[in-house]
Amino acid sequence: MLTIVLALLAALSNASASVLQRRAAADEPESDAGVRQAMWWLVHAVRHPAWVAGAGLLALSTVFQAWALAVGSLSLVQPLLAAELLFTLAVGSLVFRRRPAPGTCLAFVALAGGLALFLTAADPTAGRSTAYAERWLPAALIVSAVTTGLVLAARPVRGAPRAALLGSASAVSFAATAALLKETTGRRGAGFGTVVSLWPLYATIAIGVVAFLLLQAALRAGTLVASQPALTLGDALTSVALGWALFGERIALGPRVLPELIGLLLMGAGSIRLARALSATGTWDTGAGRMTTRGGHPHRGGGPETGAVRPSEEEHGL
């Protein structure tokens, strides 16, 4: 029970962080990709209160996640973060003051429900507290290749496809960070001095920074409905694979394959519905801070004097 509570708190913190940092990103025009533009954005973003609050919540989420991984398995903790999808809807609706359309809500529910069904049927079991040492190098090569491929595929595209690809790359990196974090917490019995002298702690920090930068790129590239499903579901499924490969965690097969497939189909249906919603209507999480008031001049902020979205206007959001 403690593992579940901690994982859900991590999911809530993650969702709130993504919404707040997307809120900050929505106030700025998208710029070309590149290291210089990314660094400029980070320097500029630290002056935005919403971005700073999101960064703080992301740090808090890491604490909850590390605690959960210390007492539970990677294949249980990371998939539970799928609750982030529903938390994103709730928190995002408050921050952006727009209700997602019913179809979009159903798409998110299908994604989260499909993943829940898959994991319930798969019934992942706990494995080792630390990974098989000889499996780290092959896993690192595969994770690096997949992440690099997704980033390269995102370069020539814009909008929702770019956000989804970068969200997927961030998801793979976050899953690798979680595996390294579990390895670090699994060695806590050797003492603090031993933990800080070994490579997993520093690898966790390094890969975590990469995942964080990819997340910022995904949030700037497109809306949350494009990046968040790829981020959350990709993290969960990659973590199940890493839990099996590195820590010897297992999932059930045999008769349970059918509900597992149904869960995967639900996730696919939700993804297709979201893609159609993006192409057919406007956006849900853009323009919250860019209201038009006196004389048509743009103003930022969300107070009553800035022309907040009225209930009748909310219906136009996704």
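**Figure 1. Residues in contact between helices H7 and H8 of the predicted model**. From H7, the contact takes in Trp136, Val143, Val146, Thr147, Leu150, Val151, Ala153 and Ala154. Their partners in H8 are Arg162, Leu165, Leu166, Ser168, Ala169, Val172, Ser173, Ala176, Ala179, Leu180 and Glu183. Sorted by class, the contact of H7 with H8 holds 14 nonpolar, 3 polar and 2 charged residues.

**Figure 2. Packing geometry of H7 and H8**. Helix H7 spans residues 136–154 and helix H8 spans residues 160–186. Their axes are 8 Å apart and the packing angle is about 160°. Angles over 145 degrees count as roughly antiparallel, and H7 and H8 are therefore roughly antiparallel to each other. The crossing of H7 and H8 is left-handed.

**Figure 3. Helix H3 packed on H8**. Helix H3, residues 49–71, packs with H8 at an angle of about 60°, and the two axes are 9 Å apart. This angle makes H3 oblique to H8. The crossing of H3 and H8 is right-handed. On the H3 side, the residues in contact are Thr62, Gln65, Ala66, Leu69 and Ala70; on the H8 side they are Ala178, Leu181, Lys182 and Thr185. The contact of H3 with H8 comprises 5 nonpolar, 3 polar and 1 charged residues.

**Figure 4. The aromatic pair of tryptophan 136 and tryptophan 199**. The whole structure contains 2 aromatic pairs. In the pair of tryptophan 136 and tryptophan 199, the distance is 5.5 Å centre to centre and the planes are at 90°, an edge-to-face arrangement. Tryptophan 136 has 12% relative accessibility and counts as buried, whereas tryptophan 199 is partly exposed, at 43% relative accessible area.

**Figure 5. The aromatic pair of tryptophan 136 and phenylalanine 247**. The ring centres of tryptophan 136 and phenylalanine 247 are 6.5 Å apart and their planes are at 90°, so this pair is edge-to-face. The pair joins helix H7, which holds tryptophan 136, to helix H11 (residues 224–247), which holds phenylalanine 247, and the two residues are 111 residues apart in the chain. Phenylalanine 247 has 0% relative accessibility and counts as buried.

**Figure 6. The aromatic cluster**. Trp136, Trp199 and Phe247 together form one aromatic cluster. Trp136 pairs with Trp199 and also with Phe247. Trp136 is also among the H7 residues that meet H8.

Note on methods: Residues are numbered from 1 along each chain as its sequence is written. This is a predicted model: local features need pLDDT of at least 70, side-chain atom pairs count only at pLDDT 80 or more; totals for chains, interfaces and linings use all residues. Side-chain values use heavy atoms; hydrogens and water are left out. Axes are lines fitted to C-alpha atoms, for helices over the stretch in contact, and angles run from 0 to 180 degrees between N-to-C directions. Helices (H or I, at least four residues) and strands (E, at least two) are DSSP runs, numbered from the N terminus. Angles under 35 degrees count as roughly parallel, over 145 as roughly antiparallel, 65 to 115 as roughly perpendicular and the rest as oblique. A crossing is left-handed if the near helix is turned anticlockwise from the far one by less than a right angle, and right-handed if clockwise. Contact means heavy atoms within 4.5 Å. Ala, Val, Leu, Ile, Met, Phe, Trp, Tyr, Cys and Pro count as nonpolar, Asp, Glu, Lys and Arg as charged, and the others, Gly among them, as polar. Rings of Phe, Tyr and Trp (its six-membered ring) pair if their centres lie within 6.5 Å; planes under 30 degrees apart count as stacked, over 60 as edge-to-face and the rest as tilted. Buried means under 20% relative accessible area, exposed over 50%, partly exposed in between (1.4 Å probe, protein chains only).
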